[in-house]
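Biologist: I would like to go through this fold with you. Can we take it one question at a time?

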Amino acid sequence: IANAVHSSTGGRFVDAPMSGGVVGARAATLTFMLGCPSHNGNGDGKLVGRVTPILEMMGRRVIHMGESGMGLAGKLANNYLLAISNIATAEAMNFGQKLGLESEKLAELINTSSGACWSSSVNNPVKGISPGAPAEVGFEGGFGVSLMRKDLGLVMKAAKESGASLELAEQAFDVYEKVEEAEKGKDFSVVYKWLEERSQDTRNGNGLRRR
């Protein structure tokens with residue numbers, strides 16, 4: 001598409017996927033990933049410089065990733081990490097609570113320690129942790145679990161074509177496929193609810209089961 005557009009006189013093509021989700025869109029703190037030539041091809045200025053001010057009206061950061069297609073490549077890599085960290089956050093929050101920890105204290109620990117990530121701080125799947133997150137409204141809105149499953153499919157296809165090894169991709173895809181069947185239409189952080197419902201209560205009163 002980019003080549004077809006650039007070879008015509010009809011305009012210039014820029015792939016500019018974004019990251020930050022619904023929360024970032026509302027707060028205008030999105031990050032845009034640009035894939036386009038540094039110059040517009042007509043010798044009258046840098047294309048990146050022309051596009052950046054427009055995107056900055058909607059976000060906080062605009063990163064030029066490289067030539068056409070590199071914005072999409074950056075998006076796939078970022079969303080792969082997001083898919084994994086979302087599951088890990090859901091598992092950690094559920095796991096910690098099963099051990100007897102209070103969700104607020106656990107989230108405070110994670111978000112001030114090495115486990116901190118966007119899924120734990122901005123989009124925490126436990127109600128009462130992240131103001132404005134989909135978990136606060138029954139996992140409505142946000143980034144749909146179907147979209148995450150779709151993105152993981154694209155990630156796996158691109159990994160196969162590029163020869164990249166992604167050891168957790170198939171496992172994560174399987175999780176999102178199952179969650180989609182149970183919670184279609186919900187934000188992808190609903191993985192937490194799915195895990196919680198599957199978990200067996202191993203607590204005996206408070207904390208770990210004692211032998």
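What follows is a short exchange on the helices and their packing.

Biologist: How many helices and strands does the protein have, and in what order do the elements run?
Modeller: This is a predicted model. It has 9 helices and 3 strands. From the N terminus on, the order is α-β-α-β-α-β-α-α-α-α-α-α.

Biologist: What share of the residues counts as buried?
Modeller: A residue counts as buried under 20% relative accessible area. The protein has 211 residues. The buried share of them is 37%.

Biologist: Is helix 7 roughly parallel or antiparallel to helix 8?
Modeller: Helix 7 covers residues 145-162 and helix 8 covers residues 169-183. They pack with axes 9 Å apart, at an angle of about 155°. Angles over 145 degrees count as roughly antiparallel. Helix 7 is therefore, relative to helix 8, roughly antiparallel.

Biologist: How many charged residues are in the contact of helix 7 with helix 8?
Modeller: Helix 7 contributes residues including Arg149, Leu152 and Met156. Helix 8 contributes, among others, Glu170, Phe173, Glu177 and Glu180. By class, the contact has 9 nonpolar residues and 2 polar ones, and the charged residues number 5.

Biologist: Which residues of helix 4 meet helix 8?
Modeller: The two helices pack at about 65°, with axes 10 Å apart. Their crossing is left-handed. On the helix 8 side are Ala169, Ala172, Val175 and Tyr176; on the helix 4 side are Tyr80, Ala83, Ile84, Asn86 and Ile87.

Biologist: And how many charged residues does the contact of helix 4 with helix 8 have?
Modeller: The residues of this contact divide by class. There are 8 nonpolar and 1 polar; the charged count is none.

Biologist: Why do the buried residues of helix 5 line one face?
Modeller: Helix 5 spans residues 103-111, and its buried residues are Ser103, Leu106, Ala107 and Ile110. They line one face because, seen down the helix axis, they fall within an arc of 100°.

Biologist: Which helices do those buried residues of helix 5 pack against?
Modeller: The residues in question are Ser103, Leu106, Ala107 and Ile110. Their partners are helix 4 (70-98) and helix 6 (118-121).

Biologist: Does asparagine 94 count as buried or exposed?
Modeller: Asparagine 94 sits in helix 4. Leaving out residues up to four places away in sequence, asparagine 94 touches Tyr192, Leu195, Glu196 and Ser199. The cut-off for buried is under 20%. Asparagine 94 has 9% relative accessibility, so it counts as buried.

Technical notes: Residues numbered from 1 in each chain as written. Predicted model: local features only at pLDDT ≥ 70, side-chain atom pairs only at ≥ 80, totals over all residues. Heavy atoms only, no water. Axes fitted to C-alpha atoms, helices over the stretch in contact; angles between N-to-C directions. Helix = DSSP H or I, 4+ residues; strand = E, 2+ residues; numbered from the N terminus. Parallel < 35°, antiparallel > 145°, perpendicular 65-115°, else oblique. Contact = heavy atoms within 4.5 Å. Nonpolar A, V, L, I, M, F, W, Y, C, P; charged D, E, K, R; others polar. Buried < 20%, exposed > 50% of the residue type's maximum accessible area, 1.4 Å probe, protein only. Arc of directions from axis to C-beta. Left-handed = near helix turned anticlockwise from the far one by under 90°.
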